[in-house]
Amino acid sequence: MAPPAGNPMLPSVDWQTAASCSRAFSRGGPRMSPEGALDVVADLHRHARTAIDLVTDYTGLVPATTVAVDVVDRVRWSRINIAGFRRLLIELGAEDAGANAPVSAAAKLTGVQTGAVLAFLSSRVLGQFETFSTDTGRLLFVAPNIVEVERRLRLPSREFRLWIAVHEAAHLNQFTAVPWMREHFHHLIHTFFDAAEPDRSTASGLARAVRRALATAREEEQHGPRDERPGADVMSAVTSPEQREAISQIQALMTLLEGHAESVMDGVGRTAINHVALLRRRFDRRRANPTTLQRFLRQLLGLDAKMRQYAAGRRFVDQVVAEHGVTGFNRVWERPEHLPTETEIDHPEQWVARVLQGQGLTAPGLAAGHG
């Protein structure tokens, strides 16, 4: 896909500042001896290879290419994602790969904000299939976070590491075994940015998002989380109607992918992991009980929506698999038109009627033919 001539709505980012700030703001990981750290790295590499095989057998999705597996610390995770973001902006025509222009104050400020966000996320992410920084994507495991969680929750290390590896291997298979998936995902990202309205004020939208996120975090601290609430993330405050349509498609896709990975990690776990019920129970408790600061940041960054994606997507996948088997569910990977809409995620019977029973060929609003 050729990059657009230019997108003035995309922010200029001083990536050097972003990297410096992410490093400065990152918290140290759990204490480990050098030998212990090397053992964790080797263990995660070993579990990744096992997980890819287990996921392939369980799902029937066979990776079409070999993907690099990297076990990283928090700073390295941020650097890889910075490289991915920069490559994405170059593809979008918002940044010149060879440019060496003076860095503006706005670019430095955006760099500070980007670095701060990445520093927070780098302490929370356990694993990731990162799709922007290379042509094939790469599988990442953030070793200090995995060790920190297994210690805090008192989880059996071997089983927990394999369980997490299965989740990320499911994402790897989704993007490498489904030939159109990566291009389709990138197309939706491009569509979102291409639909930006030049006269919208990002600064005022950000201010509104911050106020809403802080208010919601305070309310949840006093009264507990609510199952249904309006989105308080930055994107919802600064987007055009066309962008919100793109967001709906991205949201539906990510809900499917996350729900599928959740379903697979427990499906594989029932035969390959002895204490999968214990892992699930304690891990879900961790997700459900963030600190006040974490509540605020999750609201601001839209991460609470991601938490709901896990549950909604998994319900969709589990119901379809229970009623039509893995083979029936795998019709979803045949072409982009078979992806569920947000409405179908909540009502799997509508997806079944459209895709499995042939009552209509194209979901309303779904971009087709990009893969």
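The chain of this predicted model holds 15 helices and three strands. Helices (H or I, at least four residues) and strands (E, at least two) are DSSP runs, numbered from the N terminus. Residues are numbered from 1 along each chain as its sequence is written. Local features need pLDDT of at least 70, and hydrogens and water are left out of side-chain values.

Of the 371 residues, 51% are buried (under 20% relative accessible area, 1.4 Å probe, protein chains only). Among contacts (heavy atoms within 4.5 Å) between residues at least 6 apart in sequence, 81% join residues at least 24 apart.

Helix 2 (residues 34-59) packs against helix 10 (residues 241-272) at about 100 degrees, with the axes 10 Å apart. Axes are lines fitted to C-alpha atoms, for helices over the stretch in contact; angles run from 0 to 180 degrees between N-to-C directions. The two helices are therefore roughly perpendicular (65 to 115 degrees). Helix 2 contributes Leu54, Val55, Tyr58 and Thr59. Helix 10 contributes residues including His260, Val264 and Arg270.

The three strands form an open sheet in the order 1-3-2, with mixed pairing. Two strands pair if DSSP finds at least two bridges between them. Strand 1 (68-72) and strand 2 (127-130) are the edge strands. Neighbouring strands are turned by 20 degrees against each other on average, direction ignored. Strand 1 runs parallel to strand 3 (residues 138-142), joined by five bridges. Val71 has Phe141 of strand 3 as its bridge partner. Helix 6 (residues 157-177) packs on the sheet and touches strand 2 and strand 3. The direction of helix 6 makes about 10 degrees with that of strand 2.

Conventions
Predicted model: local features only at pLDDT ≥ 70, side-chain atom pairs only at ≥ 80, totals over all residues. Buried < 20%, exposed > 50% of the residue type's maximum accessible area, 1.4 Å probe, protein only. Parallel < 35°, antiparallel > 145°, perpendicular 65-115°, else oblique.
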